[in-house]
Amino acid sequence: MNLKQLEAFVQVAEGGSFSKAARELYLTQPTISAHISSLEKELNVRLFVRNTKEVSLSDNGKDLYKYAKQMVDLQGKIE
């Protein structure tokens with residue numbers, strides 16, 4: 001797990017969309033998808049409930065969001 005993956009996770013969680021997260025982070029949508037997929041594999045959980053129009057956090061995703069948001073915020077303060 002790395003900070004870029006957590007940044008992508010937080011952006012998807014807040015925007016409800018992989019493509020919105022990609023625009024916000026100046027990355028491609030496949031890169032965002034790869035970050036989320038890597039996190040899900042590493043943690044062995046589903047972080048999002050996906051449907052054709054939007055994504056929402058799973059229960060595990062909600063738990064991770066609390067900590068990931070803090071880490072991303074701390075990174076901003078350090079910078």
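Biologist: What should I know about the model first?
Modeller: The model is predicted, so local features need pLDDT of at least 70 and side-chain atom pairs count only at pLDDT 80 or more, while totals for chains, interfaces and linings use all residues. Residues are numbered from 1 along each chain as its sequence is written, and side-chain values use heavy atoms, leaving out hydrogens and water.

Biologist: At what angle do α1 and α4 pack?
Modeller: Helix α1 (residues 3-15) and helix α4 (residues 59-78) pack at about 115°, and their axes are 9 Å apart. Axes here are lines fitted to C-alpha atoms, for helices over the stretch in contact, with angles from 0 to 180 degrees between N-to-C directions. Helices are DSSP runs (H or I, at least four residues), as are strands (E, at least two), numbered from the N terminus.

Biologist: Which residues make the contact?
Modeller: On α1 they include Leu3, Leu6, Phe9 and Val10, and on α4 they include Leu64, Ala68, Met71 and Val72. Contact means heavy atoms within 4.5 Å. The contact residues divide into 10 nonpolar, two polar and three charged.

Biologist: Where is the kink in α4 centred?
Modeller: On Tyr65, with a kink of about 30°. The bend at a residue is the angle between axes fitted to the seven residues ending there and the seven starting there.

Biologist: And which residues of α4 are buried?
Modeller: Gly61, Leu64, Ala68, Val72 and Gln75. Buried means under 20% relative accessible area, exposed over 50%, and partly exposed in between (1.4 Å probe, protein chains only). Those buried residues pack against α1, α3 (29-43) and β2 (55-57).

Biologist: New topic: is His35 buried or exposed?
Modeller: His35 has a relative accessible area of 17%, so it counts as buried. His35 sits in helix α3 and touches Lys4, Gln5, Ala8 and Leu27, not counting residues up to four places away in sequence.

Biologist: What about Tyr26, where does it lie?
Modeller: Tyr26 lies in the loop between α2 (18-25) and α3. Its phi is near 55°, a positive value in a residue other than glycine, and Tyr26 is exposed at 77% relative accessible area.

Note on methods: Nonpolar A, V, L, I, M, F, W, Y, C, P; charged D, E, K, R; others polar.
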